[in-house]
Amino acid sequence: MATGQLFSRTTQALFYNYKQLPIQRMLDFDFLCGRETPSVAGIINPGAEGFQKLFFGQEEIAIPVHSTIEAACAAHPTADVFINFASFRSAAASSMAALKQPTIRVVAIIAEGVPESDTKQLIAYARSNNKVVIGPATVGGIQGGAFKIGDTAGTIDNIIQCKLYRPGSIGFVSKSGGMSNEMYNTIARVTDGIYEGIAIGGDVFPGSTLSDHILRFNNIPQVKMMVVLGELGGRDEYSLVEALKQGKVNKPVVAWVSGTCARLFKSEVQFGHAGAKSGGEMESAQGKNQALREAGAIVPTSYEALEAAIKETFEKLVEEGKITPVKEVKPPQIPEDLNSAIKSGKVRAPTHIISTISDDRGEEPCYAGVPMSSIVEQGYGVGDVISLLWFKRSLPRYCTHFIEICIMLCADHGPCVSGAHNTIVTARAGKDLVSSLVSGLLTIGPRFGGAIDDAARYFKDAYDRGLTPYEFVEGMKKKGIRVPGIGHRIKRGDNRDKRVELLQRFARTHFPSVKYMEYAVQVETYTLSKANNLVLNVDGAIGSLFLDLLAGSGMFSKQEIDEIVEIGYLNGLFVLARSIGLIGHTFDQKRLKQPLYRHPWEDVLYTK
């Protein structure tokens with residue numbers, strides 16, 4: 001067992017099994033104490049690597065995450081404290097692995113219920129190798145103004161109230177973590193505060209004993225007196241009794257053993273800790289208190305009198321000149337986390353993203369205010385979902401049906417178009433689905449798919465300005481612009497695109513008005529007089545009919561229609577629809593196990 005100080009202002013720890021709050025509390029304590037370096041050197045999270053972002057004062061820092069204890073110890077050779085937040089099932093194995101690392105000197109085991117046989121092995125190994133185990137079932141320990149383990153001493157407000165941000169003159173040791181927090185407060189009220197405090201843990205076999213730490217405190221010059229809080233059950237306190245009788249402790253010890261109320265019960269009582277169960281007179285609180293008193297410790301008559309006993313002992317040491325009370329200092333202000341400050345109403349923080357189409361914060365996601373359950377129960381289709389997410393309203397059924405028809409008709413146009421070709425080549429190169437899909441989507445533009453938006457823009461402008469088909473087409477020709485939505489590589493005036501006919505037939509049957517489509521047909525009549533392939537294509541049909549949908553439904557203002565056309569909503573339909581086909585081509589090539597594509601030499605004109 002170590003014979004002196006366990007921690008200092010430069011102590012660094014490795015934290016096993018990532019827990020954000022205890023680590024952040026350690027870092028906040030570091031900042032409060034004015035430490036130059038964070039006390040957490042690294043995090044061990046089995047199976048994970050990388051970094052965790054936390055705060056050191058106002059500065060955001062990245063703490064390395066390691067997948068194994070060995071890797072962490074190798075990366076941080078100066079970190080000699082291992083804080084183990086593993087569950088009781090794995091705490092023993094991970095603690096033993098840490099103890100076997102030459103760089104680790106102290107292991108704190110937070111978990112309760114670690115098997116006693118495992119704990120005995122840990123204790124035996126630690127003692128034979130001059131290492132320290134704190135716990136199991138411990139909240140840890142703290143050195144005032146220097147270092148703390150995990151959640152020791154509770155919140156920052158409690159730490160400040162207990163003056164733990166700077167060292168005092170008192171060494172404190174207890175079995176109970178909860179009572180330690182209470183005693184830190186008590187000690188701060190009547191003395192200059194804690195120099196070091198340890199909670200050894202409440203299990204039957206603690207890794208280190210009350211007397212182990214008292215003997216350490218006796219060797220630390222800054223510790224002028226010690227306070228011990230024991231409890232009924234076990235015989236740990238008697239090792240302290242022996243140390244006192246043998247004169248190994250030459251500083252005042254104020255002690256109290258809790259659990260005197262146990263005698264009021266007719267049967268044996270198990271208190272909170274596994275070790276807090278009296279097995280006879282020697283293990284009773286009364287028996288231990290009497291033994292400590294007879295050995296020379298200052299033992300009050302009750303727990304209520306403990307504070308007065310501590311105060312009296314401290315003041316006597318001050319009078320004798322053995323203690324010069326630590327001068328008070330003002331600790332720095334710990335920055336408050338933004339989330340807690342917002343919740344408490346202390347700050348107003350601007351948001352970074354605005355979303356008006358969906359919300360997943362409640363019991364179920366909503367699309368434009370419509371709960372997901374309603375979408376399913378009322379039989380909404382893909383077109384309805386698009387109307388909610390794109391247009392933020394529920395469109396009439398004929399509108400959403402038209403959207404679905406557009407998606408079905410544009411889903412694919414064979415393997416030879418540029419998007420499908422890119423996707424096929426990428427899939428055959430062994431790339432994943434997303435890469436293959438995106439390679440095809442990136443070809444969508446003015447020459448492939450993008451004509452839907454342009455067709456809508458130009459047809460709308462021409463119709464709204466009252467241009468005749470002749471004026472529109474010839475005006476475009478003078479500008480050197482081909483009329484978007486007009487012209488096809490294969491289809492002719494006597495071999496119309498079946499998709500265009502289907503869309504026109506649906507619109508004439510269901511739409512209240514088809515003025516833009518009819519204008520497009522008039523333009524087609526004029527262009528066919530020039531060339532037999534200048535037919536209205538599917539882009540032109542969708543573009544003009546979408547104008548009729550927006551204008552005829554009565555659900556959009558003129559300003560909204562202009563904005564929808566300008567933003568590029570219609571091209572979004574083509575992107576969505578064609579994604580279905582591109583995904584299909586990816587799966588097709590993967591299923592067929594096609595090899596890497598190489599373009600044939602004979603299909604290339606090599607020239608100088």
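Trainee: Which residues lie nearest the centre of the largest pocket, and how many residues line the pocket?

Mentor: In this predicted model, the largest pocket is lined by 34 residues, and those nearest its centre are Arg447, Ile486, Gly487, His488 and Asn537. Its volume comes to about 1,200 Å³.

Trainee: Which elements give two or more residues to the lining of the largest pocket?

Mentor: They are helix H17 (451-464), helix H18 (469-478), helix H21 (538-552) and helix H23 (569-591); H18 gives the most, with three residues. By class, the lining of the largest pocket holds 15 nonpolar, ten polar and nine charged residues.

Trainee: Which residues of H18 are buried, and what do they pack against?

Mentor: The buried residues of H18 are Pro469, Phe472, Val473, Glu474 and Met476, and they pack against H17 and helix H20 (515-528). Just after H18, glycine 480 takes a positive phi of about 75 degrees.

Trainee: What lines the second largest pocket?

Mentor: The second largest pocket, with about 560 Å³ of space, is lined by 22 residues, of which Asp28, Ile156, Ile334, Pro335 and Glu336 are the closest to its centre. Helix H1 (20-33), helix H5 (156-161) and helix H11 (338-343) each give two or more residues to this lining, and the largest share, four residues, comes from H1.

Trainee: Why is the pair of phenylalanine 15 and phenylalanine 85 called stacked?

Mentor: The ring centres lie 4.8 Å apart, and the angle between the planes is 20 degrees.

Trainee: Why is threonine 119 called buried?

Mentor: Threonine 119 has a relative accessible area of 4%, and buried means under 20%, so threonine 119 is classed as buried. This residue lies in helix H4 (residues 116-128) and, not counting residues up to four places away in sequence, touches Val114, Pro136 and Phe205.

Trainee: How do you know that the peptide bond from glycine 135 to proline 136 is cis or trans?

Mentor: The peptide bond from glycine 135 to proline 136 has omega near 0 degrees and is cis. Proline 136 is placed in the loop between strand E7 (132-134) and strand E8 (140-143).

Trainee: Why is alanine 137 called buried, while asparagine 17 is called partly exposed?

Mentor: Alanine 137 has a relative accessible area of 14%, and asparagine 17 has one of 24%. Alanine 137 is in the loop between E7 and E8, and asparagine 17 is in the loop between E1 and H1.

Trainee: What is the phi of asparagine 17, and what is that of alanine 137?

Mentor: Asparagine 17 has a positive phi of about 75 degrees although it is not a glycine, and alanine 137, which is not a glycine either, has a positive phi of about 60 degrees.

How values were computed. Residues numbered from 1 in each chain as written. Predicted model: local features only at pLDDT ≥ 70, side-chain atom pairs only at ≥ 80, totals over all residues. Heavy atoms only, no water. Buried < 20%, exposed > 50% of the residue type's maximum accessible area, 1.4 Å probe, protein only. Contact = heavy atoms within 4.5 Å. Phe/Tyr/Trp six-rings, centres within 6.5 Å; stacked < 30°, edge-to-face > 60°. 1 Å grid on protein atoms, 1.4 Å probe; cavity = no way out; pocket = protein on both sides within 12 Å on 5 of 7 lines; lining within 4 Å. Points joined across faces, edges and corners; volume = space filled by probe spheres on them. Nonpolar A, V, L, I, M, F, W, Y, C, P; charged D, E, K, R; others polar.
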